[in-house]
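I opened this notebook to keep track of what I looked up, one topic at a time. The entries follow the order in which I went through the model.

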Amino acid sequence: MKKALLKAAIVHGSKIVAADGAARVVLENGFVPEAVIGDFDSISEATRAVVPEERCHVFDDQDTTDFEKCLSLIEAPLIIGVGFLGGRVDHQLAVLHGLIRFAARPCLLLGKRDLVFLCPPDLRLDLPVGSRFSLFPMTDIRARSDGLRWALDGISFAPGERIGTSNEVCGPVRVEVDRPGMIVILPAGRFATVVRALADPQAPRWTFQ
C-alpha cells in the first residue's frame with residue numbers, strides 16, 4: 001500500500017479503518033487507524049499493542065473476508081478502499097464479491113492505475129472525452145447508457161457471455177443498470193470526479209444489503 005494512495009484517500013475522508021493486518025501498514029505510513037476490523041489472524045502482537053483496545057473489533061467467523069467485515073460495520077456516505085487492487089487475483093475477486101454482497105454500502109477502490117466500484121442504479125459522471133470506461137458484469141444485467149462510444153442499450157450482460165470492457169467516453173456519461181452486479185473500472189486519475197458522484201447524497205443508491 002503506497003503512502004500516496006493513503007494520502008489521496010484521506011483528502012476525501014477523515015477516518016481510517018484498517019482491515020486486520022493492514023493496521024501495520026497504516027501505522028508505518030504515519031497514520032493511526034480509527035478502528036481495526038477482522039478476525040485478527042494476520043495482525044502482530046506488536047501492532048495490536050499500539051492500537052487502543054476499544055478500537056479493535058474482532059470477528060471469529062471464517063465465512064466472510066476482512067473486507068466484508070469492514071463493510072458490515074462502516075457507515076459513511078462513501079467508503080474508499082486502499083490496498084485491495086494490484087495484489088493476488090483471488091483476493092481481488094473476493095473483494096468484488098464483497099462489493100456486491102454489501103451493495104448498499106457505496107465503496108470505491110483506489111489503486112495505482114485503476115478505480116473500481118459497483119455501479120449504482122443510475123450513475124452520472126462528467127469525464128474527459130476519450131477516457132477509458134470499462135464495465136464487467138458479475139451476474140445477468142441489463143443496462144442502458146449515454147455518453148459512451150458503444151451504447152449499452154438492449155444488451156444482456158453476463159459473465160462468460162457478454163462484457164463491456166474498454167469502452168470509451170464520448171460525452172456526459174449516464175449508465176443505468178437493473179440490479180447490483182456491474183463493476184465499473186476507470187483510470188485512477190478520475191478519482192476526485194468519481195468520489196464527488198458516489199458521495200453525493202442525492203445520487204441513487206441500492207437500498208438493500
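Before anything else I wrote down a cut-off: a residue is called buried when its relative accessible area is under 20%, exposed when it is over 50%, and partly exposed in between. I also noted that this is a predicted model.

**Entry 1: helix H5**

I looked up which residues of H5 are buried, and found Val95, Leu96, Gly98 and Leu99. Seen down the helix axis, the buried residues of H5 fall within an arc of 155 degrees, so they line one face of the helix.

Next I checked the length. H5 covers residues 89-101, which is 13 residues, and reaches 18 Å from its first C-alpha to its last. That is close to the 18 Å expected at 1.5 Å a residue.

What do the buried residues of H5 pack against? I found H4, strand E5 (107-110), strand E6 (114-118) and strand E12 (182-187).

**Entry 2: helix H4 and Lys69**

I turned to H4, where the buried residues are Asp66, Phe67, Glu68, Lys69, Cys70 and Leu71. Six of the eight residues of H4 are buried, so this helix is largely enclosed by the rest of the structure. The elements that cover its buried residues include E1, E2, E4, H5 and E5.

I then picked Lys69, which lies in H4 (residues 66-73). Is Lys69 buried or exposed? Its relative accessible area is 2%, and the cut-off for buried is under 20%, so Lys69 counts as buried.

Leaving out residues up to four places away in sequence, Lys69 touches Ile37, Gly38, Asp39, Phe59, Asp61 and Thr64.

**Entry 3: Phe59**

Phe59 was on that list of contacts, and I looked it up next. Phe59 sits in the loop between E3 and H4. With 27% relative accessibility, Phe59 counts as partly exposed. Its own contacts, again without residues up to four places away in sequence, are Ile37, Gly38, Asp39, Lys69 and Leu73. I also took one distance: Phe59 and Arg113 are 54 residues apart in sequence and 32 Å apart in space, C-alpha to C-alpha.

**Entry 4: the sheet of three strands**

In what order do the strands of the open sheet of three run? I read the order as E1-E2-E3, with parallel pairing. E1 (17-19) and E3 (56-58) stand at the edges with a single partner strand each, so one side of each has no neighbour in the sheet. From one strand to the next the twist averages 20 degrees.

I looked at one pair in detail. E2 (residues 35-38) and E3 pair in the parallel sense over three bridges, and Val36 has Cys56 in E3 as its bridge partner. I also noted that H4 lies across E1, E2 and E3, and runs at about 125 degrees to E2.

E4 (residues 79-82) pairs with E5 in the parallel sense over four bridges, and Ile80 stands opposite Leu108.

In H6 (residues 191-199), I found Phe191, Val194, Val195, Ala197 and Leu198 buried. These buried residues pack against H1 (3-10), E4, E5, E6, E7 (122-125) and E12.

**Entry 5: two positive phi values**

Asp20 has a phi near 55 degrees and belongs to the loop between E1 and H2 (22-28). Ser166 has a phi of about 60 degrees and belongs to strand E11. Asp20 is buried at 0% relative accessibility, whereas Ser166 is exposed at 52%.

Note on methods
Residues are numbered from 1 along each chain as its sequence is written. This is a predicted model: local features need pLDDT of at least 70, side-chain atom pairs count only at pLDDT 80 or more; totals for chains, interfaces and linings use all residues. Side-chain values use heavy atoms; hydrogens and water are left out. Buried means under 20% relative accessible area, exposed over 50%, partly exposed in between (1.4 Å probe, protein chains only). Contact means heavy atoms within 4.5 Å. Two strands pair if DSSP finds at least two bridges between them. Axes are lines fitted to C-alpha atoms, for helices over the stretch in contact, and angles run from 0 to 180 degrees between N-to-C directions. The expected span of a helix is 1.5 Å times one less than its number of residues. The arc is that of the directions from the helix axis to the C-beta atoms.
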